Amino acid sequence: MSRSPFPEELLPGLFRIPVPLPGNPLKELNAYLLRGAQRSVLVDTGFRQSACREALFAGLEALGCLDKPIDVVLTHLHSDHSGLAPEVAGTAGTIYVSRVDRPSLDDPEARRVFWGMAERRFLEEGFPLLSLRHLNDTNPARSMAPPTGGHYESLEDGQLLELGPWRLRCLLMPGHTPGQMCFFLEEHNAILLGDHVLFDITPNITAWPAMPDALGSYLVSLERVRAYGGALPLPGHRGRGDLTARVGQLTAHHQCRLEEAFAAVRDHPGAGAYTLAGYMSWKIRAASWAEFPETQKWFAVGECMSHLDHLAALGRIERRTADGRAAYFARSGSVKDFAQIGLQALE
């Protein structure tokens, strides 16, 4: 599918605005504009960064939307989706996001507590303290997040959000974030996916302080979105594809990754996630784990942790902590033997 640098009309009144993400492996964000006569709706925004700001507002201007109020709907809290939300909404618009993800956006204390808990977990897993402190200033998840402030409203699972001529069914799909939401446009048979399902790349599933088993939650959410396999899929990044087929591919991918994580624990008993991630495979241009860019190493360790958490939930491995450090040990059996039992328990 060809990609246009200009707004692309996908359905009557629904446009994709490509927002570049310079220096980021994701390359660009798909922001979606649902145009209305009196006010419009923008789904996701891009980083709080000049290149994103210029492209997004140029797209909104090209669509003739800047002289009317714009409400913002966020699929989830990540800064590449939420960074410009307060600027777009201004004083006349409202920012809508799941009740679960909202505190990380408009509550300074909740944001501080979250990052403190996340840092403690990474340190337990062996991530070097100096690297973490450096990432506090350079990680786009923090440095390009929206400032607290703005008029936010919370969304609940199953809620029907009516904004002008647009009706969006809110579908909570936890996993990528605790409050990741998809939005089903029933009248148009289209579904806004955020980062729940991506077609050219695999969504990052990391460990979250508020989710004891983020990957387990994600796998259950993947099964839920199968019901919308006949809808036009509108992902947060890159191109579109067959939603049903992609759900199957992503499920299989994580089963393989679980096998890989289990093998790393079995072969390196007593190691933490920082070390174990170095024994897993990653699609990145680096000759070795030691040469990984710090930010990408942070994402990789987070993803490794989510797989370790799920293996522990399945009873396949044991996590022990002593003197502020985590250590993992394999139990007998195979990952596959326990996978179905674990999914049934989560349901």
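Which loop holds Arg238? Arg238 sits in the loop between β12 (232–235) and α9 (243–267), where helices (H or I, at least four residues) and strands (E, at least two) are DSSP runs numbered from the N terminus. The model is predicted: local features need pLDDT of at least 70, side-chain atom pairs count only at pLDDT 80 or more, and totals for chains, interfaces and linings use all residues. Residues are numbered from 1 along each chain as its sequence is written, and side-chain values use heavy atoms, with hydrogens and water left out.

**Overall architecture**
- The protein has twelve helices and 14 strands.
- Its radius of gyration, taken over C-alpha atoms, is 20 Å, close to the 20 Å from the globule rule for 347 residues, so the protein is as compact as a globular protein of that length. That rule is 2.2 Å times the number of residues to the power 0.38.
- The C-alpha trace spans about 60 × 40 × 35 Å along its principal axes.

**Burial and contacts**
- Of the 347 residues, 52% are buried, meaning under 20% relative accessible area with a 1.4 Å probe, protein chains only.
- Among contacts (heavy atoms within 4.5 Å) with a separation of 6 or more, 65% join residues 24 or more positions apart.

**Backbone at two loop residues**
- Arg238, a residue other than glycine, has a positive phi near 65 degrees.
- Asp323 likewise has a positive phi, near 55 degrees, and lies in the loop between β13 (317–322) and β14 (325–330).
- Asp323 is exposed, with a relative accessible area of 83%; exposed means over 50%.
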